[in-house]
Amino acid sequence: MNRKNLISILSLVLVLAIITTGCASGSKNESGASKNEFRMNLATEPPALDPAQATDQVSFTVINAIYEGLTIVDENGDVQPGVAEKWDISPDGKTYTFTIRPEAKWGNGDAVTANDFEFSWKRALNPELVPEPSQYAYQMYYIEGAEAYNTGKGSADDVAVKATDEHTLVVTLTNSIPYFESLLSTAIYFPVHSSVTENEAFAAAADTMITNGPFTMTEWKRNTSIVLEPNENYYARNDIKFAKVSMTIVNDPSSELNMYKTGKLDYAGHPTGTLPTEQYATLAKEYPNDFNIKGTASLYYFIINTTAEPFNNAKIRQALSMAISRTDLTEKVTLGGQIPAFGLVPPGIKGVEGEFRSEFKDDYFQENVEEAKVLLAEGLAEEGWTELPAFTLKFNTDATHQKVAEAVVDMWRSNLGIDAQIGNEEWGVFLDNRTAMNYQIERSGWGADYNDPISFVGLFTSNGGNNNTGYANPEYDALIAEINATADQKARMELMAKAEKMLIDSHSIMPLYYYSSVHMMRPDVKGVYVDFKGDVNYTRGYYEQEQVQE
């Protein structure tokens, strides 16, 4: 073989190798990871991966990929069939009959049945659930007998959810609920495998969780990383394109950004991570195709322990809220297109014909430093204080939360002469202390569970599992009950606005701003999106394949 022929053959081999590499579905990204792998960051360890116990967005970000309910919702919040392939609704809108997909299976190959749903829903309502009763159980009170069972006044047999056969689930509601189908896509309504009765700590490790969603957890290194891989038994397995979802657990915005810049992450920022706020403008210029800001139906606010002196005084609570400049927070601190909030329900939530926030303005109060001074003095006098005692504004460890807390404390100091302290806590500890009412004032956030204002105004009923303010008002409870019993949408929304005003007038919370999602995502990632309520959905994501030139 002469040299010329050898060079020709070697050149042909090289060309074929290049073509083969370009066509391969396992092509590499900047860091060398397979393009079938999607990499994102969780700023903190998920506190609870039991669907009945989870209450936070980090946990839901994982749970929503490894479990699936009767329905799912798309990017716009519209309901689509999930484990239920179809359902029928009675003429009065109170009885639903769901047909479970015959091909629906658990990760271990067991069939997902109607019995699994009956078992799981009653388990979530169990007032003696281990390790603690579900804080989200109130979201199931729409079902006949559910509230009575959960509050110890009835039995599981009285809960109107019945598996009439392996593939048929019949559910009867107390009233017709227009958003019930959307509610079924939330974690509290997810099924768990019947084997959990043998191990109530099943959600503490990857190898003890039998799940039914698009992905299954194959690895969980505490405070380090989580790995998800496709559930080979998932009924829509062909729709799942990522071969792996890798989640790092890094709680530092600068480190997270650096990981993205060096090709170690494909997605960075909200809702489960954070980018440095001071770099937003620079990132928007340097990465115009990666950097995204999107308004979401979520609220950032402070909650107040109304049972702790002197915060049991409404005038003191009102003074603290009125002395905060929300515009300064959004324009000088958070810098991500957030909108100052003076109400509870954010933009993006449906009202009568358009958005609720467009139809009912959030003009329930105004900022006024001089009036705040008067109210503070009056409130202190009523409680027998000459000055506000020392207190701490708590937040979970996060750079943005710290900046907001520092700015607010500085406003209180400048405007009211108050010397408050700030304190941070790890996410799990933070949530535990909130549930135990072991705080004075702390930051909070809420995103819609479904596209209806009741997802927000329904939080603060006396028995609401996520009401950790101490606010308890029988009149407010009655108003929420009336909303849930009202079918006419115009009347419902008017009652909703009345309830929102009542809650804001109590000054049990301090609304600060309506969230936006600030995140970066590689342009070749498709099918991954932040939905209307601010959650990231990656279950149907994929990489855009490179085109090979002929």
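Leu-335 counts as partly exposed, because its relative accessibility is 34% (buried means under 20% relative accessible area, exposed over 50%, and partly exposed in between, with a 1.4 Å probe and protein chains only). This residue lies in the loop between α9 (326-334) and β13 (339-340), where helices (H or I, at least four residues) and strands (E, at least two) are DSSP runs numbered from the N terminus. Although Leu-335 is not a glycine, it has a positive phi of about 60°. The model is a predicted one, in which local features need pLDDT of at least 70 and side-chain atom pairs count only at pLDDT 80 or more, whereas totals for chains, interfaces and linings use all residues. Residues are numbered from 1 along each chain as its sequence is written, and side-chain values use heavy atoms, with hydrogens and water left out.

A positive phi of about 60° is also found at Asn-223, which is not a glycine. Asn-223 lies in the loop between β8 (215-221) and β9 (225-230), and it counts as exposed because its relative accessibility is 54%. Most residues other than glycine have a negative phi, and most peptide bonds are trans. The peptide bond from Val-130 to Pro-131 is cis, with omega near 5°, and Pro-131 is placed in the loop between α3 (114-125) and α4 (146-150). The peptide bond from Glu-309 to Pro-310 is cis, with omega near -5°, and Pro-310 belongs to the loop between β12 (291-304) and α8.

Helix α8 (residues 314-322) has seven of its nine residues buried, so it is largely enclosed by the rest of the structure. The buried residues of α8 are Ile-316, Arg-317, Gln-318, Ala-319, Leu-320, Ser-321 and Met-322. At the start of α8, a side-chain oxygen of Asn-313 comes to within 2.9 Å of the backbone nitrogen of Lys-315.

In helix α4 lies Asn-150, which is buried, with a relative accessible area of 13%. The side chain of Asn-150 makes a polar contact with the side chain of Tyr-141, at 2.6 Å; a polar contact is a pair of N or O atoms within 3.5 Å, and within protein one must be able to donate a hydrogen and the other to accept it, while residues adjacent in sequence count only if both atoms are side-chain atoms. A polar atom of the Asn-150 side chain also lies 2.8 Å from the backbone oxygen of Leu-125. When neighbours within four places in sequence are left aside, Asn-150 is in contact (heavy atoms within 4.5 Å) with Ala-124, Leu-125, Asn-126, Pro-127, Ala-137 and Tyr-141.

Two further buried residues occur in other elements, namely Glu-37 at 16% relative accessibility and Thr-61 at 6%. Glu-37 lies in strand β1 (residues 37-42) and, not counting residues up to four places away in sequence, touches Lys-244, Ser-246, Asp-266 and Tyr-543. Glu-37 and Ser-246 are 209 residues apart in sequence and 7.1 Å apart in space, C-alpha to C-alpha, and their side chains make a polar contact at 2.6 Å. Thr-61 lies in helix α2 (residues 57-66), and its contacts, leaving aside neighbours within four places in sequence, are with Met-40, Leu-42, Thr-272, Val-536 and Tyr-538.

The second largest pocket has a volume of about 510 Å³. Of the 25 residues that line this pocket, the closest to its centre are Pro-47, Ala-48, Gln-53, Pro-131 and Glu-132. On a 1 Å grid over the protein atoms alone, a pocket is an open set of points where a 1.4 Å probe fits, with protein on both sides within 12 Å along at least five of seven lines, and lining residues have an atom within 4 Å of a point. The largest share of the lining, four residues, comes from helix α13 (residues 427-435).

The protein as a whole contains 16 helices and 21 strands, and 54% of its 550 residues count as buried. Among contacts between residues at least 6 apart in sequence, 69% join residues at least 24 apart. The C-alpha atoms fill a box of roughly 105 × 60 × 45 Å, taken along the principal axes.

Notes. Grid points are joined across faces, edges and corners, and a volume is the space filled by probe spheres set on the points.
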